[in-house]
Amino acid sequence: MFTALVLTAGASPGVSQAADPAPVLEVADPFIELHTAPGRGYPVFHVIEKGEQVELLKRKTNWYKVKAVSGETGWTKATQLGRTLQPTGLPADLPEVTHGQYLESSWRVGFTAGMFEESPSFSLTAGYRPLTWLGAELEAGKIYNESVTSDYYGANLVIEPLHQWSLTPYVLAGYSQFSFDARQKVLLSELGDADGVTFGGGLGYYIGRNFLIRAEYRVYSVSSNSDSTGLSEWKIGLNTFF
């Protein structure tokens, strides 16, 4: 069901800042639904009916947090507010997802492709960032060499301290576990299962909406039995955050 709102206060319909009053909207269509969290899977716990006012509190990716006059606070999808109307009857100019929303996001998933030494590699990643500058990431990948495949898994801490540019540098450190196929001579024929310590760094570039490109270089110190060796990998990938 389409929902239309009428902007009744606030010079700009953007997300409220600390020093600015929250924009106030008036529901013009039958109702809007409030979810307990920003996502379709979260239950609807309250309905704001036509004629009631809501405050626009914050935005997280494609969801807005709003507050009803009765005090209930919940999340509604941005596409609903995208149909907000100004008093003139024109659609309100609600803010788009920006680099700032990326920095405020908690979860991120993505995939990468690159070269592990001289062999193509692919991996899937999932990360959680409790702080703006610090996150944790899990990874599962495969290393290909003709018809031979090796696997690796890793857990990394990602430090991303500089946020003033769309191109964001980061460093990482973590632990990896490898299962090398002995036929993959391009790596190390002596290694089977091996553990490794990971260090790396890269750049993340926010390309719009909920997407981010990451380019990264890593070095691994891999140990198996009494042997250890250094391996390297570069990769580039696409991530989405929410």
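1. In strand β9, G127 is the bridge partner of R108. The model under discussion is a predicted one. R108 itself belongs to strand β8, which covers residues 107-116.

2. The pairing of β8 with β9 (residues 119-131) is antiparallel and extends over 10 bridges. The two strands form a hairpin, with two residues between them. In the turn, E117 has a positive phi of about 55°.

3. β8 also pairs with strand β15, residues 227-241. These two strands run antiparallel and are joined by nine bridges. Within β15, L238 is the bridge partner of F111.

4. The side chains of β8 alternate between two faces. R108, G110, T112, G114 and F116 point to one face and are buried.

5. The largest nonpolar core contains 11 residues: L25, V27, I32, L34, I48, V54, L56, Y64, V66, A68 and A78. Two or more residues each are given to this core by β2 (24-27), β3 (31-35), β5 (53-60) and β6 (63-68). Of these elements, β6 supplies the largest share, namely three residues.

6. V54 is a member of that core. Beyond its neighbours within four places in sequence, V54 is in contact with P23, V24, L25, I48, V66, K67 and A68.

Note on methods: Residues numbered from 1 in each chain as written. Predicted model: local features only at pLDDT ≥ 70, side-chain atom pairs only at ≥ 80, totals over all residues. Heavy atoms only, no water. Buried < 20%, exposed > 50% of the residue type's maximum accessible area, 1.4 Å probe, protein only. Helix = DSSP H or I, 4+ residues; strand = E, 2+ residues; numbered from the N terminus. Pairing = 2+ DSSP bridges. Core = buried A, V, L, I, M, F, W, Y, C linked by side-chain atoms within 4.5 Å. Contact = heavy atoms within 4.5 Å.
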